[in-house]
Amino acid sequence: MKKFLTLSAILFTAFAAFYFTACNNDDTKTEPQPADNSADSLKKVVARGEYLANHVAICIDCHSKRDVTKWSLPVVPGTEGGGAGFPFGKDEGVPGMVFPPNITPFALKDWSDDDIAKAMTQGINKKGDTLFPIMPFHNYSKMAKDDIYSVIAYLRTLKPIDSVKPPRHLDIPISMLGPLPQPELAKNVRPDPSDRVKYGEYLTTFASCTFCHTPQTAAGFDFSKSFSGGTIFNTPFFKVATANLTPDSTTGIGTWTEDAFVAKFKNNSSDETVNKNPGRMNSIMPWSMYGTMEEADLRAIYAYLRTVPAIKHKVEKYPK
C-alpha cells in the first residue's frame, strides 16, 4: 500500500525566543514610566507566525497527523507539530525513507532561534546535517527575516508533544541532491501588499505551490511547465492529480474571475465541506488551511498566477 504524501513540503524547524525590552526612562526622573508594550509586540509576532505556519507556509499541515476520513485531510486537533504519521518513501520518489519530525517544544527545546532559521532557510540542522529537500528550505530562504522569526516565535507556543520519529534512511549521499541556499535574510524584502503581483509571488513562493503543481520527470521538476499541474498522488485511500494553475483558458484558470478563485478556496474550506467524507473523490490539497488564508492574500496570489505563462495541459483530476 502506497504511503500518503502531504501537499506541502516538510518544514524541519524548531522553536526559539523572541525578546523584547521595554523603554526605560532615566531613574532620576519622577514622571511616570511609559507603558510596557513588549507583550503586545510579542502577541503580534506570534499571531503573524501562527498565520504563516497554518495558512501560507503550512508547516503544521506537514508536521501533524491528518484525518483521512474528511475532505482535504484536515489536521487532527491536538497533534499540531507532533510529527506526521505518514513517512515519505520510494513510492513518493524519496530514495529511502524520511519521517516528518516533531517540531513542538518537547523535541526542539534546545534549539536557538539561529539554529531554527538555519534549518528553515539553509537546510542544515542543529547537528550540522543537511535536510532532505522535500523540506522546502529553498523556498523559505526567500522569506523576509521577520517572517521567519515570527514562525519561530509561534512554534514556541505549541503544546509539547512527547513523540520521537525514527531517523531518516537514504540510499544515496545527500550531497547528490544539489547545492544548499546561502541566503542573506537581512536583505530579503517582503513586498508591499499594495503591489499585488509581487506580494502574490512572495506568498506563492513559500507556500510552495510549485512543489505539487509543477510536473516532474526522472530528472526532477520541469520548470518550463511551472504551475501546469498533473502530478498524481496515489494514496492508500484515493488517487488524485494536481490542477493546472496557469492562465490557459481551456485547461487552466484563464476563465476564472478573481472572485471565483477566492470563492473556490472559501467554499472548499468551510466546516460543512471539510467535515464530509468524500471517499475516493477526496483532495490532497489542504483546503482547510490554505482556504482560511486572508482574502487579500488569496487575491494577491490570483494576481500573480495571472502573470505566469499559460500552458495548455489538460489534467484528469481523478485518474484511473
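This is a predicted model: local features need pLDDT of at least 70, side-chain atom pairs count only at pLDDT 80 or more; totals for chains, interfaces and linings use all residues.

Me: ok, how many salt bridges does the structure hold?

Reply: The structure holds 11 salt bridges.

Me: What does Arg48 form a salt bridge with, and how far apart are the closest N and O atoms?

Reply: Arg48 forms a salt bridge with Asp147, and the closest N and O atoms of the two are 2.9 Å apart. This pair links distant parts of the chain, since Arg48 lies in helix H1, residues 38-55, while Asp147 lies in helix H6, and the two are 99 residues apart.

Me: What about Asp61, which side chain does it meet in a salt bridge?

Reply: The side chain of Asp61 meets that of Arg66 in a salt bridge, at 3.2 Å from N to O. Asp61 counts as buried at 1% relative accessibility, and Arg66 is buried too, with a relative accessible area of 6%.

Me: Where are Asp248 and Lys312, the other pair I noticed?

Reply: The side chains of Asp248 and Lys312 meet in a salt bridge, with 3.5 Å from N to O. Asp248 sits in the loop between strand E6 (239-241) and helix H9 (258-268), and Lys312 sits in the segment after helix H12 (295-305), so that the pair links distant parts of the chain, 64 residues apart. Asp248 counts as buried at 8% relative accessibility, but Lys312 counts as exposed at 59%.

Me: Which residues are linked in a network of salt bridges?

Reply: Arg196, Glu258, Asp259, Glu295 and Arg299 are linked in such a network. Among them, Glu258 and Asp259 in H9 and Glu295 and Arg299 in H12 also take part in the contact between those two helices.

Me: Switching to helices then: at what angle do H9 and H12 pack?

Reply: H9 and H12 pack at an angle of about 125 degrees, with their axes 10 Å apart. That angle makes H9 oblique to H12, and H9 passes H12 in a right-handed crossing.

Me: What classes of residue are in the contact of H9 with H12?

Reply: By class, the contact of H9 with H12 has 7 nonpolar, no polar and 5 charged residues. The residues in H9 include Phe261, Val262 and Phe265, while those in H12 include Leu298, Ile301 and Tyr302.

Me: How do H7 and H12 pack?

Reply: Helix H7, residues 196-206, and H12 pack at an angle of about 100 degrees, with their axes 7 Å apart, and the two helices are therefore roughly perpendicular to each other. The contact includes Arg196, Val197 and Tyr199 of H7, together with Asp297, Arg299 and Ala300 of H12. The residues of this contact divide into 7 nonpolar, 2 polar and 4 charged.

Me: Last topic: which residues of helix H4 are buried?

Reply: In helix H4, residues 113-122, the buried ones are Ile116, Ala117, Ala119, Met120, Thr121 and Gln122. What covers these buried residues includes helix H5 (137-140) and helix H6 (145-155).

Me: And what is H4 followed by?

Reply: H4 is followed by Gly123, whose phi is positive, near 75 degrees.

Technical notes:
Residues are numbered from 1 along each chain as its sequence is written. Side-chain values use heavy atoms; hydrogens and water are left out. Buried means under 20% relative accessible area, exposed over 50%, partly exposed in between (1.4 Å probe, protein chains only). Helices (H or I, at least four residues) and strands (E, at least two) are DSSP runs, numbered from the N terminus. Contact means heavy atoms within 4.5 Å. A salt bridge is a side-chain nitrogen of Lys or Arg within 4 Å of a carboxyl oxygen of Asp or Glu. Axes are lines fitted to C-alpha atoms, for helices over the stretch in contact, and angles run from 0 to 180 degrees between N-to-C directions. Angles under 35 degrees count as roughly parallel, over 145 as roughly antiparallel, 65 to 115 as roughly perpendicular and the rest as oblique. A crossing is left-handed if the near helix is turned anticlockwise from the far one by less than a right angle, and right-handed if clockwise. Ala, Val, Leu, Ile, Met, Phe, Trp, Tyr, Cys and Pro count as nonpolar, Asp, Glu, Lys and Arg as charged, and the others, Gly among them, as polar.
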